[in-house]
Amino acid sequence: MKQRGILVVSAIVTLAAAGAAILYAQSQNGYYSQTNLGDMSQPAAPPALDTGAVFGAGAYPLYRAQLEPGDGKQEVEAYCNTCHSTRYITMQPPLPAATWEAEVNKMIKTFGQPIPDDAAAKIIKYLQTHYTPETRKR
């Protein structure tokens, strides 16, 4: 029982020291002054903004990711583009051939993409030909 009491007192002292250290750090960083230590209220008004500031943003760059030329590219663009852009294919790391097959099958069976069997076979072959660790060019 005595050890438990020592542990409780030790924990309280540690927490108090940590709290004091946090308050000291906040005070040193300017978050609190000596007059508002522990005060949780917000300042009355936000700081004045520079009225001469100019902000702008350019147009969002829209580009179509270019797929590698080859047999099956047309099927990929026709069927895969209905749910996601071709950029989604090109941004993937090079995936093993079995993973590409599993991904196409997932799109058909899990997500319900209506791809005919012959087109699915061409898509899988195309992805395995151009986007595996052994075949990816860029």
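Followed along the sequence, the pattern reads α-α-α-α-α. This is a predicted model, so local features need pLDDT of at least 70 and side-chain atom pairs count only at pLDDT 80 or more, while totals for chains, interfaces and linings use all residues. Residues are numbered from 1 along each chain as its sequence is written, and side-chain values use heavy atoms, with hydrogens and water left out.

The accessible surface comes to about 10,700 Å², with 61% of it belonging to carbon and sulfur atoms (Shrake-Rupley method, 1.4 Å probe). Of the 138 residues, 18% count as buried (under 20% relative accessible area; exposed is over 50%, partly exposed in between, with a 1.4 Å probe and protein chains only).

Next, select C80, H84, Y88, E103 and M107. Of the 18 residues that line the largest pocket, these are the closest to its centre. The volume of this pocket is about 300 Å³, taken as the space filled by probe spheres set on grid points joined across faces, edges and corners. A pocket here is an open set of points on a 1 Å grid where a 1.4 Å probe fits, with protein on both sides within 12 Å along at least five of seven lines; lining residues have an atom within 4 Å of a point.

Colour α3 (87–90), α4 (97–109) and α5 (117–130): each supplies at least two residues of that lining. The most comes from α4, with 5 residues. By class, the lining has 13 nonpolar, 3 polar and 2 charged residues.

For C80, the nearest cysteine sulfur is that of C83, 8.5 Å away. C80 counts as buried because its relative accessibility is 15%, whereas C83, at 59%, counts as exposed.

Last stop: select Q113, in the loop between α4 and α5. Is Q113 buried or exposed? At 13% relative accessibility, Q113 counts as buried. Show its neighbours too: leaving aside residues up to four places away in sequence, Q113 touches Y79, T82, C83, M107 and I108 (contact means heavy atoms within 4.5 Å).

Key. Helices (H or I, at least four residues) and strands (E, at least two) are DSSP runs, numbered from the N terminus. Ala, Val, Leu, Ile, Met, Phe, Trp, Tyr, Cys and Pro count as nonpolar, Asp, Glu, Lys and Arg as charged, and the others, Gly among them, as polar. A disulfide is a pair of cysteine sulfur atoms within 2.5 Å.
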